[in-house]
Amino acid sequence: MESIGTALKKCKVICNRYEKFLPNMPEDELFYQFCDDVIRMAFLVAVSDGYVDAKEVDLISYTFGVRFDYNTLARSYGLDYISDESFMKQVPVSIKTISGLEKQGNPAPNCFLEDTRVLYGAMKQFGDDMLNCTGAKLRFSVMIQSYFINNILNYIFYMEEMDGFTNNQYEDALSYVKSKYSSGKVEMFSESEEQAEDSDVHIGGIHLKAQPKNTFDDSESGTDSSEQKTEVLSASGQSTVDNSVQDYSDRDARQQTLDLARGDMSLASNAVISKTSASTSVGTGSSHPLLGNSRPAVGDVIDMDTINEILNDVDSMIGLGNVKKEIHDMVNMILINEMRRRKGLKSPVMSRHLVFTGNPGTGKTTIARAIGQIYKTLGILERGHMIETDRSGMVAGYMGQTAEKVNEVVNRAMGGILFIDEAYSLVSDNEGDYGQEAINTLLKLMEDNRDNLVVIVAGYTNEMENFINSNPGLRSRFNRYIHFKDYSDDELLQIFKGYVNQQDYNLEEGSDDIILKAISKLRANEIDNFGNARSVRNYFENVITNQANRLMSDSGVSSEMDELMLIKCCDLDI
């Protein structure tokens, strides 16, 4: 079976093809409606068992390239799956629209609506994936999904068997067109005008300037129509309602299904949220399942693939639980503000400059680089690179030179992150010190370049608090703090093992306790100067030095790979 990503790409080609029949239809509008219908179905299937699993939300998010959460889905798609007006008891408007247009090109009875069946197949496949992704196929959820899918299939049978269409039937089928475009957007013609335009298509009194369906080039979809028809016939039997749900009895198979769905995150909307270059051109005026009725302008894209990759890298770091939450909160806030902007709603103005507090070696520089890449991907910064500096890179010994140094370092950081380590050292009570000049110059440059520069200041907690409070301009521009806690001994042990694995070494059995004792000793000896991961890195370098000395001191040095890779317990002593 093809992946859901491939299936949705085929659906996009089909929807784009039929948009030619619909006057004033914005680009990709019909496909966005189909995506909206699929997501609504998936969420209502997920919620029907009374509990929405994180894997179910992830499956929707990764398939459509949008970072959903439960609250966003609930607000957008509701929780109603059993009332008479429930979406799960209706035929989706996208299916009705495509089937109506396709039937117009195949008016004979007992025709085969292959394009409509492709959309049906993709919707059914994603519904099955939703049922299987947690490994707990509950009876009520299966029943809801089966009822919905079978209702669609019965509607397709009805359309295929019908002998021609009346105008009223076309109007009923094209419900999406009527609801979206009947009020002043669709050009209407009188009966006499319709008769004068015999070569054009007329559906429900709407004059459609397009070629009939049988003139379409099936090569656009990359699928041979006869083969596709056979496949769908085999799956459905044409006369039998397909009520089957795939059975994945083991965890690996279920995970494989989820991985397949996550495989292509750019399929739902290449124009709105996609993996794309900065030069991508995007149409205007269309709708997106999450972003609503307003699409971004040219080049205004959100690459959720990259965002998720960066967040996964951050989440894979050892420790830093509160920091990871802050980063996720920041990304979510930016995305929601962007959605509000596209809806025409006001968004709070938030400072993007940050204060990092904590001891050395707690990951501040690494996180700063990640933020730069996030801001670049979200379109906030042009380059997203990071320039790291400190007092020596900003303060000179003579009047007038400090401003030049600050201007130089800011220019290099333009379009990215300026990371100032030990920023508190810019403040000094010494007469003739030019640290304050550096601060004043920096504040002016931050204001002049607030749309293309983010400054992160970092240092010890108490010292940074004093630094921010030393100048009202600093307080007004730096109002978001992220604290980096010291690593525990167990976390530092994992960091040490990470260095071991990265550098192609192996640890002798029973070494964990020795490493933990060494870390405790380092912490006690260095006290306030303990550098967390930095100190552990230095310890690792001492360990491999000990190993090298041991190997060289042994009579007849072995060149065996195992010996070169092995770190023995005796090498771990400090």
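How many Å² does the accessible surface of the chain come to, and what percentage of it belongs to carbon and sulfur atoms? The accessible surface comes to about 27000 Å², and 47% of this surface belongs to carbon and sulfur atoms. The legends below describe a predicted model.

Figure 1. The chain has 574 residues, and buried residues make up 50% of them. Contacts between residues at least 6 apart in sequence can be sorted by their separation along the chain; 76% of them join residues at least 24 apart.

**Figure 2. Helix H2 (residues 29-47) and helix H5 (residues 93-105), whose axes come within 8 Å.** The two axes cross at roughly 135 degrees. H2 is therefore oblique to H5, since an angle counts as roughly antiparallel if it is over 145 degrees and as roughly perpendicular from 65 to 115 degrees. On the H2 side, the contact is made by Leu-30, Gln-33, Phe-34 and Asp-37. On the H5 side, Val-93, Ser-94, Ile-95, Thr-97 and Ile-98 take part. Sorted by class, the residues of this contact are 5 nonpolar, 3 polar and 1 charged.

**Figure 3. Asp-28, in the loop between helix H1 (4-18) and H2.** The phi of Asp-28 is positive, near 70 degrees, and this residue is one other than glycine. Is Asp-28 buried or exposed? Its relative accessible area is 3%, so Asp-28 is buried, because the cut-off for that class is under 20%.

**Figure 4. Asn-106, in the loop between H5 and helix H6 (114-132).** With a relative accessible area of 24%, Asn-106 is partly exposed. In sequence, Asn-106 and Glu-160 are 54 residues apart. In space, their C-alpha atoms are 8.6 Å apart.

**Figure 5. Tyr-147, a residue of helix H7 (residues 139-161).** The relative accessibility of Tyr-147 is 46%, and the residue therefore counts as partly exposed, because the class of exposed residues begins over 50%. When residues up to four places away in sequence are not counted, Tyr-147 touches Met-88 and Lys-89. Along the chain, Lys-89 and Tyr-147 are 58 residues apart, and a distance of 7.7 Å separates their C-alpha atoms.

**Figure 6. Helix H14 (residues 321-342) and the elements that cover its buried residues.** H14 has 22 residues and reaches 32 Å from its first C-alpha to its last, close to the 32 Å expected at 1.5 Å a residue. Among its buried residues are Val-323, Ile-327, Val-331, Ile-334 and Leu-335. The buried set also includes Lys-324, Glu-338 and Arg-342. An α-helix has 3.6 residues a turn, so residues three or four places apart point the same way. What covers the buried residues of H14 includes helix H13 (304-315), helix H15 (364-377) and strand S7 (481-484). After H14 comes Gly-344, with a positive phi near 85 degrees.

**Figure 7. Val-331, a residue found in helix H14.** Which class, buried or exposed, does Val-331 belong to? The relative accessibility of Val-331 is 0%, so this residue counts as buried. Leaving aside residues up to four places away in sequence, Val-331 touches Ile-307, Leu-311 and Ile-374. One of these residues, Ile-307, is 24 residues from Val-331 in sequence, and the two are 8.7 Å apart from C-alpha to C-alpha.

**Figure 8. H15, a helix of 14 residues.** From its first C-alpha to its last, H15 reaches 20 Å, close to the 20 Å expected at 1.5 Å a residue. Its buried residues include Ile-367, Ala-368, Ala-370, Ile-371 and Ile-374. Others in the buried set, including Lys-364, Gly-372, Tyr-375 and Thr-377, also belong to H15. Ile-374 is one of the residues that Val-331 touches. Just after H15, Gly-379 takes a positive phi of about 85 degrees.

**Figure 9. Asn-532, in the loop between helix H21 (512-526) and helix H22 (533-553).** Asn-532 is a residue other than glycine with a positive phi, near 50 degrees. Because its relative accessibility is 0%, Asn-532 counts as buried.

Conventions. Residues are numbered from 1 along each chain as its sequence is written. This is a predicted model: local features need pLDDT of at least 70, side-chain atom pairs count only at pLDDT 80 or more; totals for chains, interfaces and linings use all residues. Side-chain values use heavy atoms; hydrogens and water are left out. Axes are lines fitted to C-alpha atoms, for helices over the stretch in contact, and angles run from 0 to 180 degrees between N-to-C directions. Helices (H or I, at least four residues) and strands (E, at least two) are DSSP runs, numbered from the N terminus. Angles under 35 degrees count as roughly parallel, over 145 as roughly antiparallel, 65 to 115 as roughly perpendicular and the rest as oblique. Contact means heavy atoms within 4.5 Å. Ala, Val, Leu, Ile, Met, Phe, Trp, Tyr, Cys and Pro count as nonpolar, Asp, Glu, Lys and Arg as charged, and the others, Gly among them, as polar. The expected span of a helix is 1.5 Å times one less than its number of residues. Buried means under 20% relative accessible area, exposed over 50%, partly exposed in between (1.4 Å probe, protein chains only). Accessible areas come from the Shrake-Rupley method with a 1.4 Å probe; for residues, only the protein chains shown count as cover.
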